[in-house]
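Trainee: I'd like to learn how to read this model. Could you walk me through it, one feature at a time?

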Amino acid sequence: GDRVMTNRELVEPISRTRSSFSPKPKRLLPMAGEVRQEMEVIMATLTIELPEGAFSALRRSPQEFAKEMRIAASVQWYAQQQISQEKAAEIAGLSRVEFLNELFRRRVPASQVTLQELVKEIERDGE
């Protein structure tokens, strides 16, 4: 029958690849209905070490775990106003719309403008 793999079996193929940086070109294609020039982005591979129980604790495969880490990190950095929405979506590997949906799902405000900044901008436009 189907054999269940242990955490060690899932992690070992990943931990054997020790290169900490290897750029790989990746093409980003526009979503349906989106008008955007095709751009080439150089992607870097980052190898991190995690406790064996990390994948089972979150009930995720290593690939799902890596995707979740990218999204969680980009949402956090965006919420801390360290990166733009566009850069956060790129880091997360999502379209801008998908990233906005992720912000909504995680209850993170999509706008980084404070009320005072908005009032100043409205007053400036009225002059």
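Trainee: Which residue follows α3, and is its phi positive or negative?

Mentor: Some ground rules before that. This is a predicted model, where local features need pLDDT of at least 70 and side-chain atom pairs count only at pLDDT 80 or more, while totals for chains, interfaces and linings use all residues. Residues are numbered from 1 along each chain as its sequence is written, and side-chain values use heavy atoms, with hydrogens and water left out. Helices are DSSP runs (H or I, at least four residues), numbered from the N terminus. As for your question, Gln-81 follows α3, and its phi is positive, near 60°.

Trainee: How many residues does α3 have, and what span does it reach?

Mentor: The expected span of a helix is 1.5 Å times one less than its number of residues. With 18 residues, α3 reaches 25 Å from its first C-alpha to its last, close to the expected 26 Å.

Trainee: Which residues of α3 are buried?

Mentor: Buried means under 20% relative accessible area, exposed over 50%, and partly exposed in between (1.4 Å probe, protein chains only). In α3 the buried ones are Pro-62, Phe-65, Ile-71, Ser-74, Val-75 and Tyr-78. Now look at α6, residues 115–126: the number buried there is zero, so this helix lies largely in the open.

Trainee: What makes up the largest nonpolar core?

Mentor: In soluble globular proteins, nonpolar side chains tend to be buried together. A nonpolar core is a set of buried Ala, Val, Leu, Ile, Met, Phe, Trp, Tyr and Cys residues joined through side-chain atoms within 4.5 Å. The largest one here has 11 residues, including Ile-71, Val-75, Leu-94 and Leu-103. Helices α3, α4 (85–92) and α5 (96–105) each supply at least two residues of this core.

Trainee: How many aromatic pairs does a search of the whole structure find?

Mentor: A pair of aromatic rings is described by the distance of the centres and the angle of the planes. Rings of Phe, Tyr and Trp (its six-membered ring) pair if their centres lie within 6.5 Å; planes under 30 degrees apart count as stacked, over 60 as edge-to-face and the rest as tilted. The search finds two pairs. Phe-55 and Phe-65 have ring centres 5.1 Å apart and planes at 80°, so they are edge-to-face. Phe-55 is in helix α2 (residues 54–57) and Phe-65 in α3, 10 residues apart.

Trainee: And the other pair?

Mentor: Tyr-78 and Phe-99 are also edge-to-face, 5.8 Å centre to centre with 90° between the planes. Tyr-78 lies in α3 and Phe-99 in α5, so this pair ties together parts 21 residues apart in sequence.
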